[in-house]
There are 2 protein chains.
Amino acid sequence: MASTNYSFDDDYSYWNIDYTDDREDPPKEIIEPCDPTVRVELYHICMAGISLVVLLALSFLVKRRRLCRNSCGGVPGLLHPVGLFEHGSHKGIPAAVFGLVFCSLCVVVLDDKPFPFIAESSEDTKEYWKILALLYYPALYYPLLACAAVKSKAGYLLGSLLSWVHCGIQIWHKAECPYSLEIYKYFSLIRSLPQLLFLAFLSLLYPLLLVKNDETSGKVGSNECLSNAYYTDYVKIMLRKKPSQGAEPVQVSIPSRIGAVIRSYIYIPMEGFRVPTKLVITMTVAIVSVYQVAVLIIVGVIPTLQKARSGVQEDVSYLLDEFHVSLSQNRAEVVGIVKYYFWVVEVCYLSAVAVSCVLTLLTLMRSMVLHRDNLRALYRGDTQRVFNCKRRIRPSRSSIASWMCFTGYQAAHVCLGLVIQQIVIFLCFLLFAFLIVIPILTGQNMIIFQILERMWPFWLTLILIVLLQHMLARFIFLQKNGETFSVTNRRTLYIFTYLLFTFNVLIGVIAAVWRLVLTALFNVIHFCRLDLGLLNRGVEMFDPGYYSYTNFLKTEVSQSHPVMKAFCSLLLHSRRSERGGGHQSKDVEEGIQLMQTDHKYTKAARSKRVKAKWCLLFTLLNNPSLVDARRSIGHLSTDMVLNGQLSLSPKDSKDELDKPEACGSE
Amino acid sequence: MASTNYSFDDDYSYWNIDYTDDREDPPKEIIEPCDPTVRVELYHICMAGISLVVLLALSFLVKRRRLCRNSCGGVPGLLHPVGLFEHGSHKGIPAAVFGLVFCSLCVVVLDDKPFPFIAESSEDTKEYWKILALLYYPALYYPLLACAAVKSKAGYLLGSLLSWVHCGIQIWHKAECPYSLEIYKYFSLIRSLPQLLFLAFLSLLYPLLLVKNDETSGKVGSNECLSNAYYTDYVKIMLRKKPSQGAEPVQVSIPSRIGAVIRSYIYIPMEGFRVPTKLVITMTVAIVSVYQVAVLIIVGVIPTLQKARSGVQEDVSYLLDEFHVSLSQNRAEVVGIVKYYFWVVEVCYLSAVAVSCVLTLLTLMRSMVLHRDNLRALYRGDTQRVFNCKRRIRPSRSSIASWMCFTGYQAAHVCLGLVIQQIVIFLCFLLFAFLIVIPILTGQNMIIFQILERMWPFWLTLILIVLLQHMLARFIFLQKNGETFSVTNRRTLYIFTYLLFTFNVLIGVIAAVWRLVLTALFNVIHFCRLDLGLLNRGVEMFDPGYYSYTNFLKTEVSQSHPVMKAFCSLLLHSRRSERGGGHQSKDVEEGIQLMQTDHKYTKAARSKRVKAKWCLLFTLLNNPSLVDARRSIGHLSTDMVLNGQLSLSPKDSKDELDKPEACGSE
């Protein structure tokens with residue numbers, strides 16, 4: 001039997017060729033501290049300086065534009081990522097920058113060196129430096145966002161340069177010093193892969209945008225966000241008549257049902273609907289966090305296990321003897337068996353990590369499908385479906401705060417969820433391996449099988465009792481009365497209920513264990529999903545994750561309804577195209593006609609007004625969540641709406657940067 | 001410091017006066033095997049015989065009645081507990097008998113001696129004997145149910161005799177042999193207390209029913225179940241006009257809310273509504289199972305802990321030295337500290353048991369409140385509220401099978417739930433005691449406080465960030481537009497969302513930990529409640545406990561709607577009262593008038609018919625779950641309904657025992 005074990009072990013050693021030297025001569029593996037040519041402190045000081053310069057340059061650029069607004073189309077652009085969470089801007093840039101920040105956060109939390117400027121810090125001040133580092137990294141990468149926000153050639157050029165410098169130096173660092181002193185020698189390299197990937201992505205994207213901007217600079221103006229075709233497309237698709245679906249078959253076949261379940265786990269982009277930028281960012285960060293946690297839990301355990309395995313000597317048999325564990329009479333065989341057990345633990349651990357990563361990614365994809373369904377339902381005003389109760393959707397203090405937190409919450413839940421999932425699945429695999437697989441292979445310690453064998457009359461009885469009850473219920477206690485069933489033979493029903501009570505208690509114990517296992521597994525697997533309340537439906541809102549999600553949805557839906565955006569876009573677009581022709585106030589007039597209730601209208605105007613009202617009614621009927629926004633307009637004067645928030649006329653006291661608010665709040 | 005510990009320990013020794021002799025001379029405590037005068041085997045053989053004789057006697061009694069039916073009012077009474085789950089019969093008897101059977105089940109499962117007839121059994125046959133015992137005990141106590149089902153003086157007399165014999169012999173046994181050989185010397189006595197209590201209850205109830213039956217024998221007839229005032233009362237209360245509630249205040253004060261929450265946990269009987277017998281039985285069994293499990297988990301651990309504590313010698317300090325644990329330099333002090341720690345563990349354990357029992361009982365009471373609310377909602381046809389979806393309520397195979405299992409499932413869930421709850425609460429208490437209370441008292445090992453102290457800037461920052469976000473959301477990002485709020489200052493919102501992202505991840509980790517703890521605690525505490533799905537609302541039905549409960553409700557509601565029962569009761573009652581006067585077919589005529597659609601009616605009959613239809617409509621409107629039952633009548637011929645199932649005329653081929661079916665199925 002032991003020889004079999006050996007062969008397993010030997011097989012496995014082929015899988016780990018890269019670790020063989022580790023095992024053979026552990027004293028050799030001392031990694032020298034390595035200093036790159038450009039020291040980390042120097043890199044950070046320089047980059048912080050360059051970032052500041054870039055910000056100032058951008059600021060100057062925007063100032064110049066604002067002074068000669070007409071020539072440049074009035075680009076919004078104080079140094080802020082104004083389009084960051086809007087549909088108009090490229091979603092890749094904020095997603096990549098958030099990913100970068102998240103990777104830096106992992107470094108700050110895990111590493112001993114808290115702040116890159118400071119070479120060494122005492123234990124007392126470390127906390128403060130760490131807090132400072134949490135603010136520093138977002139600030140460091142901020143220009144990468146801001147360059148995109150300016151939406152000009154200069155901005156893209158600066159962005160390209162900045163990302164090239166970042167990317168170049170970081171790759172140089174990793175090439176010079178690939179080994180890390182802690183945990184595992186390649187740890188630092190492996191975990192910085194996503195960071196390098198994001199920087200490379202930005203280094204490619206910025207030049208691409210620069211080239212694209214050159215080509216389309218004539219077409220794309222300041223209101224790219226609003227004139228974006230997406231919103232008008234959305235409205236067109238919404239207004240398109242749906243094909244009559246006919247009477248659906250009541251009985252759905254099982255394969256088609258399975259297909260529907262599988263489809264519900266795969267996110268396929270849908271025509272006429274784009275996921276909000278915030279969700280794209282959130283998902284990017286979530287996937288990065290899956291990677292980071294997986295790397296951490298593999299690298300933190302597997303090398304140790306492998307070292308322990310290669311270090312197993314004959315001494316281990318004496319140790320086992322002390323605990324009265326006898327694996328074999330032959331000491332050499334004991335070493336083989338122990339090594340084999342270590343190998344099994346390793347395999348279980350790695351497969352648990354793999355399974356939990358796949359499960360987490362699947363649940364995240366399922367989340368995306370549900371996010372889209374929920375958003376579409378809320379645009380339709382179907383709050384019952386999403387929140388399980390009728391609710392008005394409007395921004396509130398907690399909903400805005402939750403909107404701000406959402407990405408962070410999702411990342412944190414993915415991290416913790418993956419760790420818990422991994423532990424639970426690892427334990428399940430271990431139990432499966434040591435209680436079922438190894439006993440079958442070796443023919444020893446068949447505890448589970450012995451218990452099952454001894455208890456088979458009991459299990460058989462319980463199964464028979466369950467079957468008996470269902471058969472009785474079907475053929476004796478149910479009587480067909482026309483279309484419906486009614487209960488008959490009550491005497492027998494009562495007698496059987498009484499006599500089978502004791503068995504039902506035992507069946508109930510099995511059901512209770514199943515309930516326990518199912519609930520635990522379900523909650524562990526779905527822990528990373530914020531769109532799912534883990535508590536009972538009555539108290540769902542006490543679940544902090546789900547609470548955050550519902551509040552996020554409220555803000556998102558109330559502020560970015562595509563129909564509202566399409567309306568704003570149309571208004572602004574027609575205005576700009578007419579401004580070239582000199583009819584500056586025509587659309588304002590039209591708007592006033594639509595809103596005001598004076599009695600001076602001709603017959604034609606009257607019919608136009610009735611038509612407009614019908615259109616309005618139709619739109620509001622299909623998008624009930626807009627009613628709130630409309631009411632708030634009602635309180636403002638028509639002039640204020642059309643001049644103060646939507647128009648671009650020079651007398652406007654606010655600058656154009658308020659447009660996004662206007663998009664959102666109406 | 002050690003002196004403090006000693007004083008604690010000494011204090012505690014006063015609490016355990018009864019165990020002092022245990023501790024002083026453990027070798028004395030050898031319990032002799034004890035044989036009662038009436039051996040257990042003899043008792044069971046005799047009682048089985050007597051039970052059989054009683055059943056035969058009851059059978060003879062019923063046969064005699066059926067032969068001269070008119071003189072005795074046609075009591076239903078083959079040997080079956082026909083009224084067992086109906087409202088008419090006394091609920092105490094089935095509840096007590098189910099409790100008795102459950103106590104016997106605990107004995108069968110835990111004890112080594114599986115079957116009372118067999119003194120010794122080999123390991124191979126034990127399983128079979130246990131299964132047989134699971135059938136034997138319900139059969140043994142069956143006559144106690146059957147005696148009540150006959151509803152006659154003779155039945156009550158036999159029931160009294162039987163329960164006296166059972167009770168007398170069991171008390172005699174316990175008085176002769178109070179000690180048990182296993183686990184703990186008083187274990188057998190303590191765990192049989194509910195059994196004795198139920199037998200005493202039956203011994204008192206049967207004579208009481210005998211006396212009562214003598215008094216009311218003239219009034220109470222065969223259809224006690226149907227002529228019961230409860231159903232008509234229910235209808236009266238339902239038809240009574242509700243007092244106009246006026247406009248309720250929108251703002252409810254916090255004390256009144258707390259009051260409402262507390263009230264929702266206390267079951268106060270409600271006028272005009274009685275809980276079904278099945279639920280009363282279930283709750284009795286659930287409470288008994290709480291008692292049995294609590295006794296088991298106390299008795300299985302506490303005596304061992306106390307023995308271990310009293311057996312602590314100076315050797316323990318050497319053992320601790322081996323594990324490099326140094327509690328004190330003085331060996332005597334070490335003994336004191338270890339004893340003190342044992343005492344703390346004991347206190348934690350006992351308080352965990354107490355807390356979990358109280359929590360379980362509270363959740364069971366809350367369950368009762370919700371059972372009633374759910375039943376009332378379903379009588380009204382409000383399935384949305386109970387099942388979270390629209391559903392037709394009608395019996396099906398699985399619903400009847402679940403109805404049969406329900407009591408057993410509830411008991412099993414209470415048992416497992418209590419054990420899990422106890423373990424979790426015990427661990428929490430242990431952590432609380434050893435990480436917080438003892439360090440505060442002794443001033444040593446203040447690990448938690450040191451961590452908190454070192455990390456306070458971190459916690460403070462997180463709290464400040466949360467506050468900052470909420471303040472910003474309230475005062476900067478929210479703008480009041482008339483009645484509603486809209487989002488403003490988007491630039492700042494986006495910048496803060498980006499800059500605070502890293503902090504939000506860390507806040508998210510805390511939220512995730514809180515989610516984990518909350519979900520786990522909620523599910524552990526509510527594990528014993530079947531009326532609560534522990535899974536997410538979309539997949540609630542996969543929870544076996546909740547599935548069983550919803551199916552139980554379906555059967556219960558579809559078969560015992562009080563309005564339907566009141567209707568049947570009125571029909572049968574008027575019929576019986578008129579039978580004395582000779583107008584045998586009047587109500588049948590009325591019924592036919594109400595049902596048939598022929599065109600031969602006079603003006604008066606027409607108005608009467610219209611009135612009847614209105615009444616019908618009103619009833620159906622208020623009790624939509626009756627619509628199903630009505631439709632099934634529609635398929636039968638009117639004659640079949642009125643003569644075949646409801647009438648008591650001699651030409652009826654079925655015997656009167658079918659009446660309960662008639663009550664239920666129409």
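## Opening question

Are A:Arg537 and B:Glu540 buried or exposed? A:Arg537 is buried, and B:Glu540 is buried too; here buried means under 20% relative accessible area, exposed means over 50%, and partly exposed covers what lies in between, with a 1.4 Å probe and protein chains only.

A word on the ground rules before we go on. This is a predicted model, in which local features need pLDDT of at least 70 and side-chain atom pairs count only at pLDDT 80 or more, while totals for chains, interfaces and linings use all residues. Residues are numbered from 1 along each chain as its sequence is written, chains are lettered from A and ligands numbered from 1 in the order in which they are written, and side-chain values use heavy atoms, with hydrogens and water left out.

## Salt bridges between the chains

Over all chains, the whole structure holds 14 salt bridges, each defined as a side-chain nitrogen of Lys or Arg within 4 Å of a carboxyl oxygen of Asp or Glu. One of them pairs B:Asp543 with A:Arg515, with 2.7 Å between the closest N and O atoms. This pair crosses between chains: B:Asp543 sits in the loop between α22 (501–525) and α23 (544–559) of chain B, and A:Arg515 in helix α22 (residues 501–525) of chain A. Helices (H or I, at least four residues) and strands (E, at least two) are DSSP runs, numbered from the N terminus. Both B:Asp543 and A:Arg515 are buried.

The pair from the opening question is another salt bridge, with the side chains of A:Arg537 and B:Glu540 meeting at 3.1 Å, N to O. A:Arg537 belongs to the loop between α22 and α23 (544–559) of chain A and B:Glu540 to the loop between α22 and α23 of chain B, so this pair joins two chains. A:Asp543 also forms a salt bridge, with B:Arg515, and the closest N and O atoms are 2.7 Å apart. Because A:Asp543 is in the loop between α22 and α23 of chain A and B:Arg515 is in helix α22 of chain B, this pair joins two chains. A:Asp543 counts as buried at 0% relative accessibility, and B:Arg515 is buried with a relative accessible area of 0%.

## Hairpins in both chains

In chain A, strand β1 (residues 478–481) and strand β2 (residues 484–487) run antiparallel and are joined by 4 bridges; two strands pair if DSSP finds at least two bridges between them. A:Lys480 has A:Phe485 in β2(A) as its bridge partner. The two strands form a hairpin with 2 residues between them, and A:Gly482 in the turn has a positive phi of about 65°.

Turn to chain B, where strand β1 (residues 478–481) and strand β2 (residues 484–487) pair in the antiparallel sense over 4 bridges. Opposite B:Gln479 stands B:Ser486 in β2(B), and opposite B:Lys480 stands B:Phe485 in β2(B). This hairpin has 2 residues between the strands, and B:Gly482 takes a positive phi near 65°.

Which residues of helix α21 (residues 490–499) of chain A are buried? They are A:Arg490, A:Leu493, A:Tyr494, A:Thr497 and A:Tyr498. These residues cover an arc of only 125° around the axis, which puts them on the same side of α21(A); the arc is that of the directions from the helix axis to the C-beta atoms.

A:His413 is in helix α18 (residues 397–442) of chain A and is buried, with a relative accessible area of 0%. Its side chain reaches the backbone oxygen of A:Tyr409 at 2.8 Å.

## A nonpolar surface patch

A nonpolar patch on the surface has about 1,200 Å² of accessible area together, and its members include A:Tyr128, B:Leu452, B:Trp456 and B:Ile510. Patches take residues with over 30% relative accessible area and no salt bridge, joining like charges within 9 Å and nonpolar side chains (Val, Leu, Ile, Met, Phe, Trp, Tyr) within 5 Å. Accessible areas come from the Shrake-Rupley method with a 1.4 Å probe, and for residues only the protein chains shown count as cover. Helix α20 (residues 456–477) of chain B gives the largest share of the patch, 9 residues, and B:Ile463 has its place in this helix.

## Loop residues and their contacts in space

A:Met446 lies in the loop between α18 and α19 (447–454) of chain A and is partly exposed, with a relative accessible area of 27%. From A:Met446 to A:Ile436 is 10 residues in sequence and 7.5 Å in space, C-alpha to C-alpha.

In chain B, B:Ile266 is found in the loop between α12 (254–263) and α13 (277–299), partly exposed at a relative accessible area of 38%. B:Ile266 and B:Arg366 are 100 residues apart along the chain, with 6.6 Å between their C-alpha atoms.

Terms used
Polar contact = N/O pair within 3.5 Å; in protein donor to acceptor, adjacent residues only side chain to side chain.
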